[in-house]
Amino acid sequence: MPRDRTRAMRRKEFALLLDALSLLGLHQLKQVTEQAARLAGCQETQALIAQRIDHIAACPHCAGATFCRWGFTDAGGQRYRCRDCGRSFTGLTGTPLCRIHDKHQLLANAQCMRDRLSVRAAAKQLGVHRNTAFRWRHLLMPSLERHQPAALEGVAEADEVFFRLSFKGCKRDMPRLAYRRAMPATKRGISAEQIPVLTALCRGSRHSFMAVLPPLPNTASVSTALGPLVKPDTVLCADSAGLYKPLGKKLGITVWQIPSGSHKQGANHIQNVNALHSRIRGWFRPFKGVATKYLDKYLAWFRYFDHTPHPAKASLFLLDAIGVPT
Ligand SMILES: [Zn+2]
């Protein structure tokens, strides 16, 4: 891999290279295509990583502002050296991704996450072991959890969506016998087998708040989750569940409840949050169940692609995951 990425091939040499392509057979052309795609992915990933240094503009070790370029890493990434502390660093130093060996695959991995590929499908596409694909996506997901609204102001809607308690991936110390695939819950309706996720969003916004609650939601658990977000003038629309009746008094806000069997009452409704639940169910379908211990991370992943105005760009997703505002 050439160390100096800034030096492009001369025009005459490049024309000769293009002419030589016509001499290649089909198999060789496919090899050239694959290699060109890999190198382009490398360069694009490194350019994105370099944007983080432009953004933080400081040494990740001592926060010193004077540093210079200091050669390249074995993977071809730009290395920098701080003039204050003398330590070297790269664009990913200080992030969970800095210890990944195949950094040139980061953008391809972000593309797999944008496409909601399962771990096995992503591993096949990236050409890595499924455990590696699993680790890479779990390194990216925690950084997405910060995308929660800071407040619920004006008219807001709230409701819970339920996920089956899942021990997916658990190979020992199971608290119960393993279920066969697609086995229904042993109890009907809301029970300790259903994990509630409180969802809320302001009217006219797709920036949703989500919190995984303990089983069997009640006023205390919902008020603990919503308390830091609501303002005295917040008007909360909710369904007819009994837990919302005392919530208004506890949080000091107005709560409008839609009667059971009705879609709306006057101008009050919870159709936006119901639409959010529909998107959540559709988004989670390819994963065929998510382990409860990872549920909050997967919800953060969903939230990013649900509310971002540029859902189609994996490059923006990667930039956001490494801490560059997009
Ligand atoms: Zn330093």
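# Close-up views of a predicted model

View 1. As with every view here, you are looking at a predicted model.

**View 2. Two phenylalanine rings meet edge-to-face.** Searching the whole structure turns up 16 aromatic pairs, and one of them is formed by F67 and F89. To describe such a pair, we use the distance of the ring centres and the angle of the planes. Here the centres of F67 and F89 are 5.5 Å apart and the planes stand at 70 degrees; an angle over 60 counts as edge-to-face, so this pair is edge-to-face. The pair links distant parts of the chain, with F67 in strand β1 (residues 67-72) and F89 in strand β3 (residues 88-90), 22 residues apart. Is F89 buried or exposed? F89 is buried, with a relative accessible area of 1%, whereas F67 is partly exposed, with 23%.

**View 3. Aromatic residues gather, and arginines sit over rings.** One aromatic cluster is made up of F163, W283, F284, F287, Y298, W301 and F302. Elsewhere, look for R81 over the face of W70, where it lies 4.8 Å from the ring centre.

**View 4. A salt bridge joins R146 and D320.** The whole structure contains five salt bridges according to the search. In this one, the side chains of R146 and D320 meet at 3.1 Å, N to O. R146 is found in the loop between α5 (130-140) and β4 (155-164), and D320 in helix α10 (residues 314-321), so the pair ties together parts that are 174 residues apart in sequence. R146 counts as partly exposed at 45% relative accessibility, but D320 counts as buried at 4%.

**View 5. R203 reaches E157.** These two side chains form a salt bridge of 2.7 Å, N to O. Where do R203 and E157 lie? R203 is in the loop between β5 (194-202) and β6 (209-212) and E157 is in strand β4, so parts that are 46 residues apart in sequence are tied together by the pair. R203 is partly exposed, with a relative accessible area of 31%, and E157 is buried, with 1%.

**View 6. R279 and D306 connect two helices.** The side chains of R279 and D306 make a salt bridge at 2.7 Å, N to O. R279 lies in helix α8 (residues 271-284) and D306 in helix α9 (residues 295-307), so the pair ties together parts that are 27 residues apart in sequence. R279 is partly exposed at 24% relative accessibility, while D306 is buried at 7%. R206 joins in here: salt bridges with shared partners bring R206, R279 and D306 into one network.

Conventions:
Residues numbered from 1 in each chain as written. Predicted model: local features only at pLDDT ≥ 70, side-chain atom pairs only at ≥ 80, totals over all residues. Heavy atoms only, no water. Phe/Tyr/Trp six-rings, centres within 6.5 Å; stacked < 30°, edge-to-face > 60°. Helix = DSSP H or I, 4+ residues; strand = E, 2+ residues; numbered from the N terminus. Buried < 20%, exposed > 50% of the residue type's maximum accessible area, 1.4 Å probe, protein only. Lys NZ or Arg CZ within 6 Å of the ring centre and 35° of its normal. Salt bridge = Lys/Arg side-chain N within 4 Å of Asp/Glu carboxyl O.
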